[in-house]
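Please open the model in your viewer and keep the selection panel at hand. The stops below are to be taken in order.

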Amino acid sequence: MHSPSVDAFKTAFRLHPAGIAVVSARTAEGPVGLTASSVASVGLDPLALAFSVTRSRGSAGGILRAESFVVNLVTARHVETAQAFAITGADRFTPEQGWSTLETGEPYLPSARFALRCRPLQVTPVGASSLVLAEVLDVIEGEAGEPVVYFDRAFHVLNPTAVG
């Protein structure tokens, strides 16, 4: 066995489909958000999830410093929003994207399949990235829709009725 190359590692995960979420939080400077394809369920007692961010400044830094945030599990109708939150400087939190605010102050997408309000339990630095472990405080069910995944550097809509 030999050490894997960075390119081989990137290719492996580029070709591994992953669900899409838009993580959003309120900061003193205003709302922040980012697109994440690394969201995973961790446990049931407490309800917990994890995701990673690749830097500690900008929107990611705002999420890392927030006392709470929302993990919006998005569907096909949110592809443009997810693309905007994946690009630095793109328009975010626009009326067309359909954002609202929870009573607790966090921005969220009411039309997302689910919005998971969370508080961070632990942030673990891993090189230039950070792994966020969070407790889920609330699960808000939104609108049904076709699932979307990130695969080979593009968003793809799944048709779940075609399986089976």
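The model is predicted, and local features need pLDDT of at least 70, side-chain atom pairs count only at pLDDT 80 or more, and totals for chains, interfaces and linings use all residues. Residues are numbered from 1 along each chain as its sequence is written, and side-chain values use heavy atoms, with hydrogens and water left out.

**Salt bridges**

How many salt bridges does the structure hold? There are five, where a salt bridge is a side-chain nitrogen of Lys or Arg within 4 Å of a carboxyl oxygen of Asp or Glu. Three of them are visited here.

Select Arg 77 and Glu 143 to begin. Their side chains form a salt bridge with an N to O distance of 2.5 Å. Arg 77 sits in the loop between strand E6 (69-73) and helix H3 (79-86), and Glu 143 in the loop between strand E10 (129-141) and strand E11 (148-151), so the pair ties together parts that are 66 residues apart in sequence. These elements are DSSP runs numbered from the N terminus, with helices (H or I) of at least four residues and strands (E) of at least two. Colour the two residues by accessibility: Arg 77 is exposed, at 55% relative accessible area, while Glu 143 is partly exposed, at 37%. Here buried means under 20% relative accessible area, exposed means over 50%, and partly exposed lies in between (1.4 Å probe, protein chains only).

Next, select Arg 117 and Glu 106, whose side chains meet in a salt bridge at 2.9 Å, N to O. This pair links distant parts of the chain, 11 residues apart: Arg 117 belongs to strand E9 (residues 114-126), and Glu 106 to the loop between strand E7 (100-101) and strand E8 (107-108). Are these residues buried or exposed? Arg 117 is buried, with 18% relative accessible area, and Glu 106 is buried too, at 2%.

Move on to Arg 113 and Glu 141, which are joined by a salt bridge of 3.4 Å, N to O. Arg 113 is in the loop between E8 and E9 and Glu 141 in strand E10, 28 residues apart. Arg 113 is partly exposed at 25% relative accessibility; Glu 141 is exposed at 56%.

**A residue beside Arg 113**

Thr 75 is buried, with a relative accessible area of 4%. Which residues does Thr 75 contact, leaving aside its neighbours within four places in sequence? They are Arg 113, Gly 145, Glu 146 and Val 148, with contact meaning heavy atoms within 4.5 Å.

**Aromatic cluster**

Finally, select Phe 85, Phe 93 and Trp 99, which form one aromatic cluster. Rings of Phe, Tyr and Trp (its six-membered ring) pair if their centres lie within 6.5 Å; planes under 30 degrees apart count as stacked, over 60 as edge-to-face and the rest as tilted. The count by this rule is six aromatic pairs. Phe 85 and Phe 93 are edge-to-face, 5.0 Å centre to centre with 85° between the planes. Phe 85 is buried at 2% relative accessibility. Phe 85 and Trp 99 form a tilted pair, 5.4 Å centre to centre with 45° between the planes. Phe 85 lies in helix H3 and Trp 99 in the loop between H3 and E7, 14 residues apart. Trp 99 is buried, with a relative accessible area of 16%.
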